[in-house]
Amino acid sequence: MHPHDQTIFALSSGRLPSAIAIVRLSGSHAGSALQMLVGRLPVPRMATRALLRDGSGEPIDDAVVLWFPGPASATGEDVVELHVHGSRAVIATLFSLLSAMPQMRTAEPGEFTRRAFENGKIDLTEAEGLDDLIHADTDRQRRQALRQLKGLLGDRARSWRDQIIEASALIEAGIDFADEGDVPAELMAPALARIGQLLTEIESVLSAQGRAERLRDGLTVVIAGPPNAGKSTLMNQLARREVAIVSPHAGTTRDLIEVQLDLDGYPVTVIDTAGIRETNDPIEQEGVRRARDRAAQADLVLWLAEDDQADIERQGEAPVWLVRNKIDLSGDREGDCPSSSGDNPAFHISARSGAGLAQLLEALVGFARDYFGSIESGLITRERQRTLLDQTTAALRRSISAIDLGEELAAEELRIAALALGRLLGRVDVEDLLDVIFREFCIGK
């Protein structure tokens, strides 16, 4: 039997032990498995308390069971949920019984969601939204993923694709009735108007996005500078815990230390690096090399120094903010050193006492807000989606230009545009992409 025809099961809740654990089944044998465990099929879509028993009638657990006959289920197949006590013994017994049943097997990562996709319950953008929701670390990531899961992009893409197909039908009708005098002209005008309107709408979505799709990965901020500038102390202040070793000896930090932060809902990865200087120590040389490489890949660099006139070493195209540290040792007060503004602002802080950190954090939140752009109204959450929408607009532009060269060329470009949107939704020519997307899911989802 094909693996897709087998009934799958998995633990769909968190790590054991737990107060409650949820075991989910999906497939044509889910109902018979429930009958074996409970002795009957409960009322569909109604939580029912039942005593689960093994094949010999021995009780397993007092549970709540739910029965969702397909196609009115999350996957489109018969689905069962067993809400049991989350002990390892209960789950082990259940899995042993289910594994012994014919045509039953444990689910692969993302297989429940993949079956929902293949049975038309969700499109690929909604599946990607679900994956993003599972892995969301911040509130802004959660909100963006939830909008995608609710079909924000998928619904628009389906509408765009339907309109492209309608415009293509008008053009092809003009081709079929080319010998009917003014019929082609009557059909071509509304087709061109619809294509132009669609092109404007999709281009506005692309231009309004900013870097919203980067919200999944977050912003990368590298703390760089000479040795003993206080980089590790600042790192610990931002993380609000001891993540880096602080020492008065130069060269203490030799490798990269990363911390994930939530700054007003924006995910930010802050990286502490080795002090940049010339050295004969081969290990420290490697640390300096890694520091420079990471700074070159950063979205923002905080250059820590003890002097306003510090020489900033730039490694890439990312903006660099000068952060003058240790104002508590220089005798300066926070108010004596106002931060400058512009593309390369300067900040005056004490990483040890925390003076000036509030202003620095506020500036980081503002940078993240400007960097990601309008997330609340954004439709695109992945580079794949942006690429396919770019292909769609390019094909629409070519279709308009091709009208003077021949209706057949215009119709072919519209077919390419519709194909790109079909790939966006996962309905055509995406088989090689599915394994990549769904294997990122956790088991049981």
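In which hand, left-handed or right-handed, does α4 pass α5? The crossing of α4 past α5 is left-handed, a term used if the near helix is turned anticlockwise from the far one by less than a right angle, with right-handed used if clockwise.

The model is predicted, so to speak of local features requires pLDDT of at least 70 and side-chain atom pairs count only at pLDDT 80 or more, while totals for chains, interfaces and linings use all residues. Residues are numbered from 1 along each chain as its sequence is written, and side-chain values use heavy atoms, with hydrogens and water left out.

The protein chain holds 14 helices and 12 strands, taken as DSSP runs (helices H or I, at least four residues; strands E, at least two) numbered from the N terminus. Of its 445 residues, 48% are buried, that is, under 20% relative accessible area with a 1.4 Å probe and protein chains only.

Two helix pairs are set out here, with axes fitted as lines to C-alpha atoms over the stretch in contact and angles running from 0 to 180 degrees between N-to-C directions.

| Pair | Angle | Axis separation |
|---|---|---|
| α1 (residues 30–38) and α2 (residues 88–100) | about 130° | 11 Å apart |
| α4 (residues 124–134) and α5 (residues 139–149) | roughly 155° | within 7 Å |

The angle makes α4 roughly antiparallel to α5, the word for angles over 145 degrees. In contact (heavy atoms within 4.5 Å), Thr-125, Glu-126, Gly-129, Leu-130, Asp-132 and Leu-133 of α4 meet Arg-142, Ala-145, Leu-146, Gln-148 and Leu-149 of α5. By class, this contact of α4 with α5 has 5 nonpolar, 3 polar and 3 charged residues.

Helix α1, by contrast, passes α2 in a right-handed crossing. Ala-33, Met-36 and Leu-37 of α1 make the contact with Leu-94, Leu-97 and Leu-98 of α2, and the residues of that contact divide into 6 nonpolar, no polar and no charged.

Definitions and conventions:
Nonpolar A, V, L, I, M, F, W, Y, C, P; charged D, E, K, R; others polar. Buried < 20%, exposed > 50% of the residue type's maximum accessible area, 1.4 Å probe, protein only. Parallel < 35°, antiparallel > 145°, perpendicular 65-115°, else oblique.
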